[in-house]
Amino acid sequence: MALKNLRGRVAFIFEDDDFDVDQIVGVKNIKIQDLDELAGLAMTTYDPEFGSKVQPGDLIVGGHNFGFGHPHYPPMKALRHLGITGVVAESFSPGYWRGEISMGFPQISCPGIRAFVDRWDEIEVDWEAGIVRNISRGTDIAFEPLALADRAMLEAGGLLEYLKANTEENTQ
Amino acid sequence: MGYTITEKILARAAGQESVRAGDEIMAKPDFVLAYDFPGYTDVYFKQMKEEFGIEKVAEPERFGIFIDHMVPVASPKEEELHKGTRAWCAENDVPLYERKGIGHQVAAEVGYATPGAFVVHFDGHISQLGTFGTLAIGLRRNVLEAFVREKVSIKVPETVRVNLHGNLKPGVMARDVFHHIVRVLGPSSCRFQVLEIGGDGLEDLSIEGIQSITCLAMFTGALTAIVNPANERLEYARSRARKELEPVSSDPDATYSAVHDIALDDLEPLVVIPPTPANSRNLSEYVGLDVHSGYLGSCASGRLEDIEVAARILEGRQVKSGFMLHVIPTSHEIMAEAGRRGYLSTLAEAGAYLSTSSCDFCYGRIATMTEGQRAVSTGTLNVKGRMGSPDSEIYLCNAATVAASAIEGCIADPRAYL
């Protein structure tokens, strides 16, 4: 199974390094389970109109060590609910990375991405070519290849599907 | 070219002659550990049966489960979780450690810190087993792989080596060494790599101090931390080890992605200001800042040397009126010894609130702070809302600083008391 290329606009750029993703919904909301409620709160401190501007297929761009701290799952659940299809960052914090890949949520480690895009540029993540294309500017930039297991997990749609798809290896 | 201890451990776990950093392998964990927590273990246990048809694990001795969060419980729902955990462990003949202390510490006490072993958990603070030459990695949700398969997929990590030299001055503790490492190397310096600690300065630190450092490795971006097993660390671990394994160490000509040297003599007490573990500062810059509570405990600190220094500082003195000092030994074994040595009575007489071991103080489940409150803490983390209201603040520091601050009701320099 091949990964489908991601294409959409840059819905937001987190310029800060070591970004704590819990800030996306706010720590006081981190235990909310309802996706509509979470999505309604997401990004409001960064852009009060985010929810009405974002379109299905859009992506998020981040800085170095994106996801540092003690990341919880609700912020990215909220962003996916709003239609965000992936995060492209300069680099990622391992705990965050592993958690989101296990959710089947594409994360693309792409040094140089912050300078490569402006907010609302149209971009495409081309998995086979290993590049992010800036359609708006007509440029492209290489991203770091995924580990095989990470790629397989994204292809399967997440951890559970990945493990179930390889049942012959389940030896317990 | 030689191998790192990490490459050697993973080669054996993968059943290969050798592996190198960057190789993508399937490796069999010697031990699979977890504490029960809603959304984690209860989900794994259910998925194992319903999604994978696993009624019973094949090698129960490879598994270890801890009940250390929500201890004691405060609701029937929490007790239901623990009940389910006890039942699963009984059905599967899996060892369960309940009310013995914080699992990451208990894991070392009961021998999962076998030198040379490969251990997985969902929680990254299990990295502290690295103190004993054990490669212990927190996989988050992916630890499910280890519950339903014999092997887990892993990319052999590169290693950053940090050599410690010299001796710490009084009032400076292992916590400060770690927070100094974050300050000089940076919070992303070891991303996806192993933080290997060595150097002559290692022998100036106690086993407990090294556990403090390795526990917090994730805040450098590291997957885990590790130390070559030797001396008292090897003796401690070998006498308790659950498995016969040949301890391994990094070769002198092993390949490191970076090597750093840190002079312990130059360090002073640090404080990590909110809202991120990346914010290491000199304690002296924050002396005098009002604080309302102090937490001495957690899987990072709360061991005998932490309790001893607090008792020494508080002996014959009193916690300031209105200040809430919580002292929670990391495990029952530690608590019992602290009692035998008289530390606990000294702390009780000084006005500290003492509790039996539990994880619950560290994440605000109990002793919860409200808006505008501020704590000094030896806990693991200082992000917003970690110990209660998102509008409360946590200043991470060493145990001596917590004790000195409890006397003054504001951030205080412990060196004046030592």
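This is a predicted model: local features need pLDDT of at least 70, side-chain atom pairs count only at pLDDT 80 or more; totals for chains, interfaces and linings use all residues.
Q: Why is B:Asn228 called partly exposed?
A: Let's set the count against the cut-offs. A residue is buried with 20 or more other C-beta atoms within 10 Å of its own, and exposed with 12 or fewer. B:Asn228 has 19 such neighbours inside 10 Å, so it counts as partly exposed.

Q: Which residues does B:Asn228 touch, not counting residues up to four places away in sequence?
A: Here a contact needs C-beta atoms within 7 Å. With sequence positions up to four places away left out, the partners of B:Asn228 are B:Ile5, B:Gly133, B:Gly198, B:Ser249 and B:Ser250.

Q: What separates the C-alpha atoms of B:Asn228 and B:Cys190?
A: There are 18 Å between these two C-alpha atoms, and the residues are 38 apart along the chain.

Q: How do you know what confidence the predictor has in chain B?
A: Look at the pLDDT, which runs from 0 to 100. Chain B averages 97, and 100% of its residues score at least 70. For the complex, the predictor gives an ipTM of 0.93 and a pTM of 0.96.

Q: Into which domains is chain B divided?
A: Domain 1 covers 5-15 + 24-242 + 253-262, while domain 2 covers 271-417. Their C-alpha centres lie 24 Å apart.

Q: How many residues of domain 1 of chain B are in contact with domain 2 of chain B?
A: The number is 31 residues of domain 1, in contact with 26 residues of domain 2. In domain 1, helix 4 (103-109), helix 6 (174-185) and helix 7 (207-215) of chain B each give two or more residues to this side. Helix 6 gives the most, with six residues. By class, the domain 1 side divides into 11 nonpolar, 13 polar and seven charged residues.

How values were computed: Residues are numbered from 1 along each chain as its sequence is written. Chains are lettered from A and ligands numbered from 1 in the order in which they are written. Two residues are in contact if their C-beta atoms, placed from the backbone, lie within 7 Å. Domain bounds come from an automatic or database domain assignment. Helices (H or I, at least four residues) and strands (E, at least two) are DSSP runs, numbered from the N terminus. Ala, Val, Leu, Ile, Met, Phe, Trp, Tyr, Cys and Pro count as nonpolar, Asp, Glu, Lys and Arg as charged, and the others, Gly among them, as polar.
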